[in-house]
Amino acid sequence: MAHVLDADQLKTFVAIADTGSFTRAAEIVFKTQSAVSMQMKRLEERVGRPLFGRDGRHAKLTEDGERLLDYARRIVRLNLECVASFTDADLKGRIRLGVPDDYADRYLPEILARFARSNPRAEVTVVCEPTPMLAERIATGDIDLAIITHVESRGQGEIIRIEPLLWVTSARHGVHEEDPLPLALGRPTCNWRQAAVEALETKGRRFRVLYASWNSTAVGAAVIAGLAVSVLPESAVRPGMRILGPTDGYATLPSCKIGLLRTRFDPSVLSNALAEHIIQSLDNLQSFKTAAE
């Protein structure tokens, strides 16, 4: 096996893996299909292993191809970061970021402040939608990055933060003691709602969903007003809320995994720069509970 891999060949290889097609990959990397085929032939010669099998009209990775893919993604990303670090002028252009409103209030101020200080000439367009809609936008190339709720069954994104999912009630009311228990949750497809309902049903606790909304501000308002109990990740707990636990009769919920989705359509240096700011900002973020202590 050769000791040096060509970053441009790896970029093309990743595009083929993401699209499942040499033809669609050629469009993404702005090369002819014959040039893409030649690049992959040379890459296979360098690696010394076949990287692609054929599954009908789709380009399917071999076991060795799957092994190379993770390395290829990291090499391509590091190459972009390296080039950016030696750029004399700050980055400019437009970047499109998707984030559910559950996370927008808590995460965006730190992320955007950090990014603006480093890249004052960059324009960030923010789209606030639920995770399933953001995943669709990433798949079609409508946005460049998305902060999402990671779901194992869908295998979405790289996990960049893990927080406890917590039961919350009003700090000034006793709504959590009512029977049946009034709840303020997301819509039926919301994973946090499903976790809450499953926990209550397992315990045999009667409940009714009083408020349902994709909007976290509306859900939080119902909680603080003492109208209902809800579930939120730790960093989303706000003043006026009280966390409920086993001593209050509320079972521990699964962790909330927060992921980052990146466009597969030729991510820019600007896109990768914002991604790094997101990762660093969420890594340094304190929860309301920790800050209060």
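This report walks through an aromatic cluster, a cavity and a strand in a predicted model.

## Ground rules

Numbering starts at 1 along each chain as its sequence is written, and because this is a predicted model, local features need pLDDT of at least 70 and side-chain atom pairs pLDDT 80 or more, while totals for chains, interfaces and linings use all residues. Side-chain values rest on heavy atoms, with hydrogens and water left out.

Let's start with the rings. Rings of Phe, Tyr and Trp (its six-membered ring) pair if their centres lie within 6.5 Å; planes under 30 degrees apart are stacked, over 60 edge-to-face, and the rest tilted. The count here is five aromatic pairs. Phe-13 and Phe-52 are edge-to-face, because their centres are 5.7 Å apart and their planes sit at 65°. This pair links distant parts of the chain, 39 residues apart: Phe-13 belongs to helix H1 (residues 7–19) and Phe-52 to strand S1 (residues 52–55). Helices (H or I, at least four residues) and strands (E, at least two) are DSSP runs, numbered from the N terminus.

Phe-52 also pairs edge-to-face with Phe-22, at 5.2 Å centre to centre and 65° between the planes. Phe-22 is in helix H2 (residues 22–29), 30 residues from Phe-52. Together, Phe-13, Phe-22 and Phe-52 make one aromatic cluster. Phe-13 is buried, and so are Phe-22 and Phe-52; buried means under 20% relative accessible area (1.4 Å probe, protein chains only).

## The cavity

A cavity is a set of points, on a 1 Å grid over the protein atoms alone, where a 1.4 Å probe fits but cannot get out; lining residues have an atom within 4 Å of a point. Points are joined across faces, edges and corners, and a volume is the space filled by probe spheres set on them. The structure holds one cavity of 30 Å³ or more, and the largest cavity has a volume of about 290 Å³.

Its lining comprises 24 residues, with Asp-102, Gly-186, Cys-190, Trp-192 and Trp-214 nearest the centre. Domain 2 (93–160 + 257–284) and domain 3 (163–254) each give at least three lining residues; the domain bounds come from an automatic or database assignment.

## Strand S11

Finally, strand S11 (residues 255–262) has six of its eight residues buried. Strands pair if DSSP finds at least two bridges between them. S11 runs antiparallel to strand S5 (residues 145–149), joined by five bridges, with Ile-148 partnering Gly-259. Strand S6 (residues 158–170) is also antiparallel to S11, through six bridges, and Glu-163 stands opposite Cys-256 of S11.

Terms used:
Buried means under 20% relative accessible area, exposed over 50%, partly exposed in between (1.4 Å probe, protein chains only). On a 1 Å grid over the protein atoms alone, a cavity is a set of points where a 1.4 Å probe fits but cannot get out, and a pocket is an open set with protein on both sides within 12 Å along at least five of seven lines; lining residues have an atom within 4 Å of a point.
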